[in-house]
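What is worth a look once the model is on the screen?

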Amino acid sequence: MDRMEEEGEGTENKEEATGSSLTMEKVAIAKQFIENHYRSQMKNLQERRERRWVLERRLASSSVSEEEQVNLIKDLERKETEFMRLKRHKICADDFELLTIIGRGAFGEVRLCREKTSGNIYAMKKLKKSEMLSRGQVEHVRAERNLLAEVASHCIVKLYYSFQDAEYLYLVMEYLPGGDMMTLLIREDTLTENVARFYIAQSVLAIESIHKHNYIHRDIKPDNLLLDKNGHMKLSDFGLCKPLDCAKLSPLNENEPMCEESLRESMDIDGCFPDTKIGTRWKSPHEQLQHWQMNRRKLAFSTVGTPDYIAPEVLLKKGYGMECDWWSLGAIMYEMLVGYPPFYSDDPITTCKKIVHWRNHIKFPEDARLTPEAKDLICRLLCDVEHRLGTGGAAQIKAHPWFKNVIWDKLYEMEAAFKPEVNDELDTQNFLKFDELDPPTPARTGSGPSRKMSLAPKDLSFVGYTYKNFDAVKALYNDMKRSTSPKRPSIDSIFGDLDMDSRKPIREQPETQMVPSTDPMSP
């Protein structure tokens, strides 16, 4: 009897501890939410006053009549109110018509979609919350959302909305119909140095733009370099592309010799290449290229992932910084010019060991015919951290002789080195085809007050996820105004001059606040 009472008391204590832990977690999140909300409100109020002051100053120095000045100020106030209302509008999956699937991974899928209100075409990434939690990806998903919301750069994929429902997280981004660099490399085998130079230079700008905001990508690879309809490259997938699961690989030691047995290991993905002879090395670079091309897609979508572009310090878990992204760029440059990555093997364990012992495995095939400048740049990216170009900033890489004639500030204005075939805004020919697993039935549950009343434990990890981009709100505003025309002169030109950067974000209210808003349109 006493034993049963003790067990009962123990169970109650456990329940109390669990309840207490959950309560403390809710308290901490509520505290963060309230602090961010009021900090944002004060900042927004100050920005709204500044916009009014700037407009009044400009009008005072113009030839506009006093009556017209009053009307223009009233227009400004009306727009501020309208944007405040639109900013509070709750977005959910039912606001979009779901179209073709263009990507699928371990955590979810990417689908082409059309916004019902504006008719705009976007790419929607849908991620299952339970998968994010069970695989420890919460910080990664928050980091991607934060980076896309904060970094204003034409070199990275643009985020328009992020929101959630009871089961999923959603990222609604610009659709880039040109496909990815992996597809281009599979089609072309290798690129000329001029074409490679163009895309490596654009990659330098993209990586530099996120480094300036103190983010490390950690997963730079051809799959994450997307092309727009004109062939210009943008960086995507910040921390959510399936990383190599190092827990599934044996521990690595940079002082451990590469034994012959490990080189003979054969791990063709999914066992689809039974004719691979264990212990057989490639007889020529051409044979290695063929093997890489056969395995490439399967490696990208396997459960382990491809480690070919990961820096040695990341694999060794020695601690790493932004310079690991420059190593990845060096590996991509090698693949562009040679046809396969520098440390490619038919199994990821051997690839990792080659990367760790990189000094013994960087070789340039004679038939690749790389210029001395190209070889030098690759070697100065694929080296130890202390001597790696980019450790002191992107300027080190830009100054390399291989980029001698590159006009860096005109790269996104000039004609791209390659123009993909794109027939219309819904064209998906540059992406893989995916079968529908389930009919696309979007959940109607938005991120509004009804959800706040009963936050499940898994929801607590994603408080503050919702986001609206200025351009998205502006599109809604323009759509509402499309059928009406102002009877007096519009202030669009003046309003547009008040530092209205269309890349600046509009943060949602209470449920959405993670950091203070920086959007000039936030009232």
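One thing to know before looking at any site taken from UniProt: its positions are given here in the numbering used for this chain, feature names are shortened, and annotations may be inferred rather than shown by experiment. With that in mind, the unreviewed UniProt entry lists Lys125 under "binding site". Keep in mind too that this is a predicted model. In it, Lys125 sits in strand S3, which runs over residues 121-128. Is Lys125 buried or exposed? Its relative accessibility is 6%, so Lys125 counts as buried, the limit for that being under 20%.

**The overall picture**

The protein chain has 17 helices and 9 strands. Of its 523 residues, 51% count as buried. If you take the contacts with a separation of 6 or more, 75% of them come from residues 24 or more positions apart.

**Cores**

In soluble globular proteins, nonpolar side chains tend to be buried together. Here the largest nonpolar core has 72 residues, and the members that touch the most others are Met181, Tyr199, Ile200, Val204, Leu235, Met336 and Phe403. Take Phe403 as an example: setting aside residues up to four places away in sequence, Phe403 touches Arg197, Ile200, Ala201, Val204, Leu377, Ile397, Lys398 and Trp408. There is also a second, separate core of 11 residues, with Ile91, Tyr160, Phe163 and Tyr170 among them.

**Aromatic pairs**

A pair of aromatic rings is described by the distance of the centres and the angle of the planes. The count for this model comes to 15 aromatic pairs. Two of them are set out below.

| Pair | Centre to centre | Angle between planes | Type |
|---|---|---|---|
| Tyr122 and Tyr160 | 4.8 Å | 50 degrees | tilted |
| Tyr175 and Phe431 | 5.9 Å | 35 degrees | tilted |

Tyr122 has a relative accessible area of 3%, so it is buried, and Tyr160 counts as buried at 14%. Both rings also belong to one aromatic cluster, made up of Phe96, Tyr122, Tyr160, Tyr161, Phe163, Tyr168 and Tyr170.

The N-terminal end of H5 is capped by Asp180, with a side-chain oxygen 3.2 Å from the backbone nitrogen of Met182. Met181, Met182, Thr183, Leu184 and Leu185 are buried in this helix. Just after H5 comes Asp189, with a positive phi of about 70 degrees.

Helix H4 covers residues 138-150 and gives a handy check on geometry. How far apart should its ends be? At 1.5 Å a residue, its 13 residues should span 18 Å, and the end C-alpha atoms are 18 Å apart, so the two agree. The buried residues of H4 are Val138, Val141, Arg142, Glu144, Arg145, Asn146, Leu147, Leu148 and Ala149.

The last stop here is helix H10 (residues 323-338), which holds Ser328. At 4% relative accessibility, Ser328 counts as buried. What does the Ser328 side chain reach? It reaches the backbone oxygen of Tyr309, at 2.6 Å. Apart from neighbours within four places in sequence, Ser328 is in contact with Ile220 and Tyr309.

**Positive phi in loops**

Most residues other than glycine have a negative phi, and most peptide bonds are trans. Against that background, have a look at Asn214, whose phi is near 65 degrees. Asn214 lies in the loop between helix H6 (193-211) and strand S6 (225-227), and it is exposed, with a relative accessible area of 63%. Arg369 has a positive phi too, about 50 degrees, although it is not a glycine. Its place is the loop between helix H11 (348-356) and helix H12 (372-381). With 71% relative accessibility, Arg369 counts as exposed.

Conventions:
Residues numbered from 1 in each chain as written. Predicted model: local features only at pLDDT ≥ 70, side-chain atom pairs only at ≥ 80, totals over all residues. Heavy atoms only, no water. Core = buried A, V, L, I, M, F, W, Y, C linked by side-chain atoms within 4.5 Å. Buried < 20%, exposed > 50% of the residue type's maximum accessible area, 1.4 Å probe, protein only. Contact = heavy atoms within 4.5 Å. Helix = DSSP H or I, 4+ residues; strand = E, 2+ residues; numbered from the N terminus. Polar contact = N/O pair within 3.5 Å; in protein donor to acceptor, adjacent residues only side chain to side chain. Expected span 1.5 Å × (residues − 1). Phe/Tyr/Trp six-rings, centres within 6.5 Å; stacked < 30°, edge-to-face > 60°.
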